[in-house]
Amino acid sequence: MKQVTYTISENKPLTADVFRMTLSGDTSAITAPGQFVNLKLDGLFLRRPISVCDWDADGLTLIYKVVGKGTEQMSRMEPGEALESLTGLGNGYDVAACPNNPVLVGGGVGVPPLYGLAKRLLAAGKKPSVILGFNTAEEIFYDMTFAALGVNVTVTTADGTAGVKGFVTQAMQGGEYVCACGPEPMLKAVHTLASGGQFSFEARMGCGFGACMGCSCQTIAGPKRICKEGPVMRYEEILWQKDKSIRSEE
């Protein structure tokens, strides 16, 4: 973990309520796709955790959905503004543990971290395919950006206005090794069809680095913290109980 003050290079909408923010600054603490940053916003007590979409030596890209006061405030920030962040947080995807042909499955704002993962899988000589799920055509983003990497991309929409009609599981064959990120019902459905993989969970966080224990959860290996041992959990350690996952909160 490292505290960094970034400079906003770009902050623009991709859809009606999804924005892409690019930040310039030190990214040395980011070591794996699926990690997140915890942003300090003026006037708000708790930081806002946002998954890293992509990064290089000069900066990083965040994609976020406006769902509350914090993200609404972010949407109004301008290039040139400073943004303080704790960076390099969480346990990300293990590229080396992935087979040669993993399936990356993302739902809504669970899509962004899979882009950074796809790039690093390709760099490792692996050939991922991608399934992206949205509610409707107007919510689709980054499908063409994934396609530009040269990976096979399948889009699903719940209402059938674009791509395959239905949920992401409609585009799965079953038995795949999956790297997934998205809402809890999606993760559970994908887990049921997959043969193995890595799953990224969401949770409300206090500190974001494991000190407050506010996002503790139960797994088959015992208590773990979504912000520290997660957000990415291995397929075999996920404990589904009473129609709920290890823990996932809006």
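Two strands count as paired if DSSP finds at least two bridges between them. I'm jotting that down before anything else, along with this: helices (H or I, at least four residues) and strands (E, at least two) are DSSP runs, numbered from the N terminus.

**Ground rules.** I'm looking at a predicted model, where local features need pLDDT of at least 70, side-chain atom pairs count only at pLDDT 80 or more, and totals for chains, interfaces and linings use all residues. Residues are numbered from 1 along each chain as its sequence is written, and side-chain values use heavy atoms, with hydrogens and water left out.

**Confidence.** I checked pLDDT, the predictor's confidence in each residue, from 0 to 100. The protein chain averages 90, and 89% of the residues score at least 70. Over residues 243-250 the pLDDT is below 50, yet this stretch has 31 contacts (heavy atoms within 4.5 Å) beyond near neighbours in sequence.

**Whole chain.** I found four helices and 15 strands in the protein chain. Of the contacts with a separation of 6 or more, 61% come from residues 24 or more positions apart.

**The sheet.** In what order do the seven strands of the open sheet stand? I read β10-β9-β8-β7-β11-β12-β15, with mixed pairing. β10 (164-165) and β15 (232-234) are at the edges with a single partner strand each, so one side of each has no neighbour in the sheet.

I followed some of the pairs:
- β9 and β10 pair in the parallel sense over two bridges, and Thr 156 has Val 164 in β10 as its bridge partner.
- β8 (residues 129-134) and β9 (residues 152-157) run parallel and are joined by six bridges; Val 130 partners Val 153 in β9.
- β7 (residues 103-107) and β11 (residues 177-181) also run parallel, joined by four bridges; here Val 105 has Ala 180 as its bridge partner in β11.

**Helices on the sheet.** For angles, I'm using axes that are lines fitted to C-alpha atoms, for helices over the stretch in contact, with angles from 0 to 180 degrees between N-to-C directions. Helix α2 (residues 112-123) packs on the sheet, touching β7 and β11, and its direction makes about 165° with that of β7. Helix α4 (residues 184-193) packs there too, touching β7, β11 and β12 (196-200), at about 180° to the direction of β11.

Just after α2, Gly 125 takes a positive phi of about 85°.

**Cysteines.** How many disulfides are there, taking a disulfide as a pair of cysteine sulfur atoms within 2.5 Å? The count is zero. The sulfur of Cys 179 has its closest cysteine sulfur in Cys 98, 3.7 Å away, which is too far for a bond. Cys 179 is buried, at a relative accessible area of 0%, and Cys 53 is buried at 0% as well.

**One glycine.** Gly 222 sits in strand β14 (residues 222-225) and is buried, with a relative accessible area of 15%. Its C-alpha atom is 9.2 Å from that of Glu 237, 15 residues away along the chain.

Notes. Disulfide = S-S within 2.5 Å. Buried < 20%, exposed > 50% of the residue type's maximum accessible area, 1.4 Å probe, protein only.
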